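Dear colleague,

I am handing over the structure below, and my notes on it follow. Please read them with the coordinates open beside you.

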Amino acid sequence: MMKYAGAILIFGALVAAVPENKPLKAIAVLSQSDTVRGNITFSQPSCTEPTFVEITIEGVPPGPHGFHIHERGDLSGGCGSTGSHFNPDKLHHGAPQDEIRHRGDLGNVVADQNGIVHTSYSDSVISLNGFNSIIGRAVVLHESEDDLGRDTNADSRKTGNAGGRIACGVIGVASHEEEIWPCSGGGILKSFSFVILFASLIFSV
């Protein structure tokens, strides 16, 4: 009986060590413009849930503007050095709701007559964790409307014909929950390993 109790205590200690799902948070502060200023915040309640995006920008020419996540968080050459749309799956450009789209395709934001953008939504494709995390990449605001891949020319399926880049910002960690992203430790795999270890302890006594 004491051996079983010892095995149970060890199992409990191991399970307690598995990281809990904590909200992940990130932020991009727009720069590289004399007039456009703003913050874009990202939050993900858990490793597998959609990411909530909140956008607040001012100084934008009124009307719709393409809004994307680009592959590199490199502003050494201005917004031009952020590379192309974040597209690790090598798919065609599309709308946020399309099944076939770049991971970085976030469609358009619309500035009102005062040049202000304030909107929020959830996106189930972008993530703040895992191999395809958007952390360290860049948000880019474009000068023109994104046609969402609906035009007939070749650029439509690459860039959405959204034009030049008028502002951008690197997506950085903003979470204060813990120092290490909770999803990076493979919690499910660890839990499975603990079950195997527990079983081996039981059968060995």
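A contact here means heavy atoms within 4.5 Å. On that basis, residues 24 or more positions apart account for 65% of the contacts in the protein that have a separation of 6 or more.

This is a predicted model, in which local features need a pLDDT of at least 70 and side-chain atom pairs count only at pLDDT 80 or more, whereas totals for chains, interfaces and linings use all residues. Residues are numbered from 1 along each chain as its sequence is written, and side-chain values use heavy atoms, with hydrogens and water left out.

The pLDDT, which is the predictor's confidence in each residue from 0 to 100, averages 84 over the protein, and 75% of the residues score at least 70. Over residues 1-19 it is below 50, and beyond near neighbours in sequence this stretch has 18 contacts in the model. The pLDDT is also below 50 over residues 185-199, a stretch with twelve contacts beyond near neighbours in sequence.

As for the fold, the protein has two helices and nine strands, taken as DSSP runs numbered from the N terminus (helices H or I, at least four residues; strands E, at least two). From the N terminus on, the elements run α-β-β-β-β-β-β-β-β-β-α.

Of the 205 residues, 37% count as buried, where buried means under 20% relative accessible area, exposed over 50%, and partly exposed in between (1.4 Å probe, protein chains only). Not counting residues up to four places away in sequence, Phe-42 touches, among others, Leu-24, Phe-52, Ile-126 and Ile-171.

The structure holds one disulfide, that is, a pair of cysteine sulfur atoms within 2.5 Å. Cys-79 and Cys-168 form it, with their sulfur atoms 2.1 Å apart; the link is left-handed, with -95° about the S-S bond. The pair links distant parts of the chain, 89 residues apart, Cys-79 lying in strand E5 (residues 76-79) and Cys-168 in strand E9 (residues 165-173). Cys-79 is buried at a relative accessible area of 6%, and Cys-168 is buried at 0%.

Lys-90, by contrast, counts as exposed at 70% relative accessibility, and its place is in the loop between E5 and E6.
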